[in-house]
Amino acid sequence: LRITELMYHPADPNSDAEFIELKNVGADSINLINTKFTKGIRFTFPHTILAPGEYILVAKDLTAFAAQYSPPGGVEVLGPYAGALEASGSLNDAGERIRLEDPTGATILDFNYKDGWKSITDGDGFSLTIIDPTGATALWDDKDGWRASALAGGSPGTDDSGLIPDPGSIVINEVLAHSHDGAPDWIELYNTTGSAINIGGWFLSDKNSDLKKYEIAAGTSVPAGGYLVFYEDQHFGNVADPGANSLFALSENGETVHLSSGSGGQVTGYRDQEDFGASETDVAFGRHLKSTGTYNFVSMSSNTPGAANAAPKVGPVVISEIMYHPQDPNGDAEYIELQNTTGSPVNLYDLEGNPWAFTSGIEFTFPPLTTLPAGGRLLVVRDLAAFAAQHTPPGGVPVLGPYTGALSNGGERLELALPGDLNELGIRHYIRVDRVNYDDVAPWPTAPDGIGTSLTRKVTTDYGNDVANWESAAPTPGAS
């Protein structure tokens with residue numbers, strides 16, 4: 001017996017049309033008598049025979065459910081269910097623990113669902129649907145074990161698999177948002193599977209509030225393991241393209257690109273989206289696979305529309321050493337080392353004199369006209385006196401500070417950025433130069449967490465936001 005679908009947050013905030021769908025995935029009939037939900041909701045099944053392959057539904061409110069749904073004939077709808085403490089309960093819109101027990105009290109399923117797993121299941125009308133009902137029970141606790149329903153409203157009592165691809169099948173792989181000299185912005189899609197996927201009727205947009213800005217032409221297909229590029233001048237920004245419902249271009253100051261499946265002019269349940277920040281002219285963002293098996297969407301070393309992504313753009317200045325938890329009592333001897341990875345000096349300011357800055361982790365703006373020589377290093381410290389009491393960097397290495405705030409001993413995102421453009425409100429955007437989301441627990445080295453060593457970058461010219469490129473080492477501020 002498996003839970004196969006959860007409608008935990010219907011689109012109508014006043015609706016009681018929540019439901020839980022269950023299926024017999026075995027080869028024998030099951031008598032559900034005294035099978036019960038004991039966490040999340042309270043419900044005990046009456047004498048009910050569920051044949052192999054059959055579904056059964058448990059609804060919060062039978063009248064509200066019947067007003068909205070007409071499940072296939074023969075699919076039984078039971079209810080109402082109750083909450084754990086109140087007379088009538090609801091599935092938690094923010095996610096919660098669900099436990100299903102057999103008549104002896106043994107666990108059938110015990111898992112936690114979360115509203116952040118698939119955002120469109122959290123009030124946008126789609127249900128949370130298990131991808132493989134016959135899979136290991138650990139999948140119920142894993143966001144990658146679930147998908148959104150193919151259609152709004154869910155599919156109570158039916159199997160909607162095959163109507164949309166599984167999550168991650170078609171991804172936004174690379175975007176150029178800061179084109180130049182009349183060149184267009186573009187969005188590249190990549191098919192991660194071994195079969196061609198028809199995306200005719202799907203949508204591209206730069207606004208979550210209007211996902212149907214550009215409708216992809218009928219019959220459009222992305223080949224197995226292949227790429228497809230949509231250009232501003234030909235597609236989503238072209239008034240002559242019949243799919244351009246609302247013209248758009250990508251913002252050089254950063255935004256989000258949305259890909260949504262669609263059918264008959266309506267949005268269906270497949271989603272992919274990528275957030276990106278401000279970008280330099282003619283520098284694309286793309287997916288980069290890290291050693292942890294996860295992806296970052298980062299600046300690319302070269303643009304590759306229609307082909308596999310290049311390596312991430314690294315430098316010209318990188319974060320090369322982080323002392324986030326020194327041994328002094330107050331932690332004031334923190335420091336960050338930067339290194340110029342190029343053979344030329346790098347000005348830490350733009351042509352108008354606007355300085356670089358740390359935009360996450362600490363607050364620090366570089367002094368006017370700071371320049372880092374070819375291959376050179378500099379240090380940014382929390383407290384100049386505390387640093388000097390513990391360390392003597394090589395002569396000529398600049399020691400700057402103090403900075404505002406403190407590096408977290410529990411790990412955080414540390415980000416170095418250069419100044420970008422002003423927006424219409426006069427607020428300056430910053431373009432990320434380097435980022436490290438460090439941590440104090442494995443797989444990150446744990447020794448730098450107060451034992452006296454620092455986090456040291458292994459290869460300065462390799463991508464920095466990957467645990468594989470960091471190690472614990474004796475502090476060497478300003479030196480190799």
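Biologist: Among contacts in the chain between residues at least 6 apart in sequence, what percentage join residues at least 24 apart?

Modeller: A contact means heavy atoms within 4.5 Å. Among contacts between residues at least 6 apart in sequence, 57% join residues at least 24 apart. Please note that this is a predicted model, in which local features need pLDDT of at least 70, side-chain atom pairs count only at pLDDT 80 or more, and totals for chains, interfaces and linings use all residues. Residues are numbered from 1 along each chain as its sequence is written, and side-chain values use heavy atoms, with hydrogens and water left out.

Biologist: How many helices and strands does the chain have?

Modeller: Helices (H or I, at least four residues) and strands (E, at least two) are DSSP runs, numbered from the N terminus. The chain has 3 helices and 35 strands.

Biologist: Which residues have the most contacts inside the largest nonpolar core?

Modeller: In soluble globular proteins, nonpolar side chains tend to be buried together. Buried means under 20% relative accessible area, exposed over 50%, and partly exposed in between, with a 1.4 Å probe and protein chains only. A nonpolar core is a set of buried Ala, Val, Leu, Ile, Met, Phe, Trp, Tyr and Cys residues joined through side-chain atoms within 4.5 Å. Here the largest such core has 31 residues, and I322, F358 and F366 have the most contacts inside it. Two or more residues come from each of β24, β25 (335-340), β30 (377-381), β32 (413-422) and β33 (428-437). Another core, of 28 residues, lies apart from it and includes I108 and W140.

Biologist: Which residues does F366 contact, leaving aside its neighbours within four places in sequence?

Modeller: Among them are L338, W356, F358, L378 and L416.

Biologist: Where are the cis peptide bonds that join G79 to P80 and G315 to P316?

Modeller: Most residues other than glycine have a negative phi, and most peptide bonds are trans. The bond joining G79 and P80 is cis, with omega about -5°, and P80 is found in the loop between β8 (76-78) and β9 (95-101). The bond joining G315 and P316 is also cis, with omega about 15°; P316 is found in the loop between β23 (295-299) and β24 (317-323).

Biologist: Is L369, which has a positive phi, buried or exposed?

Modeller: L369 counts as exposed because its relative accessibility is 57%. Its phi is about 60°, although it is not a glycine, and it is placed in the loop between β28 (364-365) and β29 (371-372).
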